[in-house]
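Thanks for coming, everyone. Could you bring up the sequence and the model on the screen, please?

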Amino acid sequence: MSAAPALKFAWLEVTGLCNEFCDHCYADSGPQKDHGTMTVDDWKHVVDQLPALGCDDVQFIGGEPTLYPHLPELIEHAHRAGFGIEVFSNLTHIREGLWETFTKYGVTLATSYYSDTAEDHDAVTRLRGSHRRTRANITKALDLGIPVRGGVVTVRDGQRAAEAVKDLAALGVEEVGADRTRAFGRGSRGAAPTISDLCGHCAHEKCAIGPDGTVWPCVLGRFLTLGSVREQRLADIWGGKQMARVTADLAAVHGEGAQSCTPPQFLPMCGPCQPCVPSVAHCDPAVADGAEAGPATIAAPA
């Protein structure tokens with residue numbers, strides 16, 4: 001059997017619970033969901049298995065990961081294992097103790113931002129006051145020296161997405177990506193997910209693990225299960241027979257080595273390109289070739 005490819009990055013989806021209820025949520029998370037069946041020890045066991053597979057970085061996601069009560073404990077554990085750590089949060093619910101954890105362990109943050117106006121942003125999140133709290137906590141994070149990446153997803157007509165990008169830059173966020181709604185989770189509007197809706201980069205040096213221990217080839221490809229860390233060692237899942245079947249199915253649709261686009265949410269493992277800017281409004285390989293090229297990343301002015 002040939003050696004399994006390196007697994008350099010893992011999304012750890014520690015909860016399905018979220019205080020927002022965004023129309024486009026690919027994870028279908030929200031206030032009605034829970035933390036799943038993975039215990040703290042289960043998550044620590046996953047973290048302990050990752051280095052042997054070549055993993056360097058992890059990102060804690062949800063749901064809203066800051067609502068997971070054991071997040072500080074898992075961050076400390078991941079730090080001791082030597083990982084680079086990022087938390088993808090809506091930044092509306094940061095307890096004071098979490099700020100201390102972020103600074104102590106060198107955590108970086110990423111967040112979604114939908115408009116420069118509270119009316120537009122709160123209409124997307126369905127949480128009144130979310131724009132004000134997210135914006136304030138972006139400022140607080142930067143004041144504390146915590147790096148923040150921003151992502152602007154175009155969800156509604158007239159949303160002022162371009163103005164949102166400029167607003168983030170004005171706040172001091174130096175890395176801002178943009179995308180549109182993807183046809184997964186609530187964003188699918190009830191349509192069944194298909195491989196053709198993915199970018200084809202799934203399982204390339206990355207995987208995602210859900211609140212019930214299910215392993216996916218990426219956060220969007222959760223309908224393509226690779227196994228469960230509650231039933232198997234991660235080393236047996238990564239590079240195993242089911243992964244081979246999934247990657248073959250992906251290649252049958254996208255071609256061998258399809259790596260030409262990025263998922264939404266501007267995750268650190270996305271590559272080799274960066275999310276398209278709002279003037280392009282998509283990142284689909286099928287249509288990007290015929291579109292006017294935009295800059296790969298929007299940088300804040302020096």
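First, the ground rules. This is a predicted model, where local features need pLDDT of at least 70 and side-chain atom pairs count only at pLDDT 80 or more, while totals for chains, interfaces and linings use all residues. Residues are numbered from 1 along each chain as its sequence is written, and side-chain values use heavy atoms, with hydrogens and water left out.

Now the overview. The chain has 9 helices and 10 strands; these are DSSP runs, H or I of at least four residues for helices and E of at least two for strands, numbered from the N terminus. Of its 302 residues, 54% are buried, meaning under 20% relative accessible area, with exposed over 50% and partly exposed in between (1.4 Å probe, protein chains only). Contact here means heavy atoms within 4.5 Å. Taking contacts between residues at least 6 apart in sequence, 68% join residues at least 24 apart.

Which residues have the most contacts inside the largest nonpolar core? They are Val 58, Phe 60, Phe 102 and Leu 109, in a core of 73 residues. Helix α6 (residues 161-171) gives the most to this core, with 5 residues. A second, separate core has 5 residues, including Cys 22, Tyr 114, Val 124 and Val 155. By nonpolar core I mean a set of buried Ala, Val, Leu, Ile, Met, Phe, Trp, Tyr and Cys residues joined through side-chain atoms within 4.5 Å.

Let's look around Leu 109. Beyond four places in sequence, Leu 109 touches residues including Leu 91, Trp 99 and Phe 102. Leu 91 lies in the loop between β3 (84-88) and α3, and is buried with a relative accessible area of 0%. The C-alpha atoms of Leu 91 and Thr 134 are 4.9 Å apart, although the two are 43 residues apart in sequence.

On to the rings. The structure holds 3 aromatic pairs. Rings of Phe, Tyr and Trp (its six-membered ring) pair if their centres lie within 6.5 Å; planes under 30 degrees apart are stacked, over 60 edge-to-face, and the rest tilted. Trp 99 and Phe 102 are edge-to-face, at 6.0 Å centre to centre and 85 degrees between the planes. They sit 3 residues apart in helix α3 (residues 96-104), so about one helical turn separates Trp 99 from Phe 102. Both Trp 99 and Phe 102 are buried.

Phe 184 and Phe 223 have ring centres 6.3 Å apart and planes at 15 degrees, so this pair is stacked. It links distant parts of the chain, with the two residues 39 apart: Phe 184 in the loop between β6 (175-180) and β7 (206-209), Phe 223 in the loop between β8 (214-216) and β9 (227-228). Phe 184 is buried at 3% relative accessible area, whereas Phe 223 is partly exposed at 29%.

Lastly, confidence. Mean pLDDT, the predictor's confidence in each residue from 0 to 100, is 84 for the chain, and 83% of residues reach 70 or more. For residues 259-267, pLDDT stays under 50, though the model has 47 contacts there beyond four places in sequence. Residues 269-302 are also below 50, with 69 contacts beyond near neighbours in sequence. Where pLDDT is low, the predicted coordinates should not be read in detail.
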